[in-house]
Amino acid sequence: MNQLVVQSLQGVGLPSLAVLIASAVWFAVFRKHPRVRAIGIGLIFAGGIIWAYLLAFGGLAFPPRESGQWIPYLAGVVALVGCLQAIRLGRRVSNLVLSLGTALIFFCSQISGNPLALVWIIGVTIALFLSAILLQQLIEDRCSGAELSLSLALSAGAGGIVIFLGGSAVLGQLSGSIGAILGVIAVLAFFFNVTVGAVLPLVYLFIFACLLLSGCLFAQLPWLTAVLLWIAPWGLVIGQRVDHPQISSRTKDLLIRMLSVIALVAIAIGSAFLLTPPSSEL
Amino acid sequence: MKKHYLSILLSILAFAGPTVAHADSFKIDPFHSTVIFKVGHFGVGNVYGRFDTFSGTFTLDQNDPSKDAVNVEIKTDSVDTNAPKRDTDIKGPDFLNTAQFSTATFKSTSVKKIDDKTYEVTGDFTLRGVTKPLTLNVQAIGSGPGPKGEFRSGWEATTTLKRSDFEVKALVPAVSDEVSLRIAAEGIKQ
């Protein structure tokens, strides 16, 4: 088989398999302890991302010299902050700090001599902060674990395709790996009928933001595609009943409620095919 | 008598023609210089590319070659492999990440004379923000007056580096880790 295909399959498959085993054990043991379950699944997810990064990039770079090299460190930091949030840390302040930190990863080096960088920093910080609050409070509180994980998996998986189309096989592989890991967690959350808590979506949010920003700023990922994928998980709230949160993942309507997410993801992929110049054969 | 000696000396100098004097500085002439590279493709072939925009200087000290010095700066977004789509990929985050690292540089730290025409130039090569020592095998091509009477000195340097040493690890080994680099430089005496 083609070397590239084997490498990609390993990069996507191995972390997903590890997350499958660890998450199954964690869900089984802490099924009735939502806080511990949320912390554990968030850390397992972050660990899966770090391993997927190592397989895609061939190792960690320390100290990080470029935006993409911050991804594994950011995954660890966000997971830890998420765990602290699950215990007692205030969400708003810590989310704001994380949002600003992520924006600085991309634009800090450009501040001197480029006033526009400041605008970018403020804009990205606000977008990330609002997204984090919305994802944690709105979606996480009103969705089952399977719904939430599946919608994030669809966005990240589609992110893998469009970033690859945008000219970065490595970032695309990482996004695809994250999609596969979230898919595995979605299946387990459905099987165990549990929520996944607020740590996992927080980690997803900042890491996926890094991938999309890297794709747009340093590769050829169209901004429209990135924005569509970014907002796709919010499609979950469409049609949900405010007075009836925590809808069970066992209802047959799960896929129907996912339709808006699927539609947004499909439009995003379509836009990438239309807007991205065809990739080269290296 | 003194006048006689002086005229003999002037005659010798006149016939000697333009020579490289003690510690002369040269600026690389981009129109008569080339930076090319070769990379393996799936173990079955080689792809060649070049960087179109670069600059540099070198200093030649005929009395003491160890005092020679070379500085080269290459604009990474000027990469050209005769395939624009591929060039876009090479400029992207998987390879050179030119948006964040716009230059690659070489600054010599030592020069060793092997024979009259061959030198080993060791220096710090910086690519994608990573600096590592690199040795160039340098061959003197020639020197002499150019079309406008300016004095020129031509050299050709070759080396092989591992791109993974510079955090450019994508698609190894399908796209080879080893990259051959060749710099053909013609310098104009300043």
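1. In chain B, strands S7 (residues 103-115) and S8 (residues 118-127) run antiparallel and are joined by nine bridges. They form a hairpin with two residues between them, and B:Asp115 has B:Thr118 in S8(B) as its bridge partner. Strands are DSSP runs of E of at least two residues and helices DSSP runs of H or I of at least four, numbered from the N terminus. Two strands pair if DSSP finds at least two bridges between them.

2. The model is predicted: local features need pLDDT of at least 70 and side-chain atom pairs count only at pLDDT 80 or more, whereas totals for chains, interfaces and linings use all residues. Residues are numbered from 1 along each chain as its sequence is written, while chains are lettered from A and ligands numbered from 1 in the order in which they are written.

3. S7(B) also pairs with strand S5 (residues 69-75) of chain B, in the antiparallel sense and over five bridges. Here B:Ile74 stands opposite B:Ala104 in S7(B). Chain B has two helices and eleven strands, in the sequence pattern α-β-β-β-β-β-β-α-β-β-β-β-β.

4. Of the 190 residues in chain B, 28% are buried. A residue is buried if 20 or more other C-beta atoms lie within 10 Å of its own, exposed if 12 or fewer, and partly exposed in between, with C-beta atoms placed from the backbone. Contacts in chain B between residues at least 6 apart in sequence join residues at least 24 apart in 54% of cases; two residues are in contact if their C-beta atoms, placed from the backbone, lie within 7 Å.

5. Helix H2 (residues 84-91) of chain B has B:Arg86, B:Asp89, B:Ile90 and B:Lys91 as its buried residues. Their cover includes strand S6 (79-80) of chain B. In the loop between S6 and H2 of chain B lies B:Asn82, a residue other than glycine with a positive phi, near 65°. B:Asn82 counts as exposed because it has 10 C-beta neighbours inside 10 Å.

6. In chain A, helix H4 (residues 91-107) and helix H5 (residues 115-142) pack at about 140°, with their axes 8 Å apart. Axes are lines fitted to C-alpha atoms, for helices over the stretch in contact, and angles run from 0 to 180 degrees between N-to-C directions. H4(A) and H5(A) are therefore oblique to each other; angles under 35 degrees count as roughly parallel, over 145 as roughly antiparallel, 65 to 115 as roughly perpendicular and the rest as oblique. The crossing is right-handed, that is, the near helix is turned clockwise from the far one by less than a right angle.

7. The residues of H4(A) in this contact include A:Leu96, A:Thr102 and A:Phe106, and those of H5(A) include A:Trp120, A:Leu128 and A:Phe129. By class, the contact of H4(A) with H5(A) has 14 nonpolar, five polar and two charged residues. Ala, Val, Leu, Ile, Met, Phe, Trp, Tyr, Cys and Pro count as nonpolar, Asp, Glu, Lys and Arg as charged, and the others, Gly among them, as polar.

8. Is A:Ala209 buried or exposed? A:Ala209 is buried, because 23 C-beta neighbours lie inside 10 Å. This residue belongs to helix H8 (residues 199-218) of chain A and touches A:Thr102 and A:Leu128, residues up to four places away in sequence not being counted.

9. The axes of helix H2 (residues 34-57) of chain A and H8(A) come within 7 Å and cross at roughly 30°, so the two helices are roughly parallel. The contact involves, among others, A:Phe45 of H2(A) and A:Val203 of H8(A). Its residues divide into ten nonpolar, one polar and no charged.

10. The peptide bond from A:Phe62 to A:Pro63 is cis, with omega near -5°; A:Pro63 is in the loop between H2 and helix H3 (71-87) of chain A. Another cis peptide bond joins B:Val172 and B:Pro173, with omega about 10°, and B:Pro173 lies in the loop between strand S10 (151-162) and strand S11 (175-189) of chain B. For context, most residues other than glycine have a negative phi, and most peptide bonds are trans.
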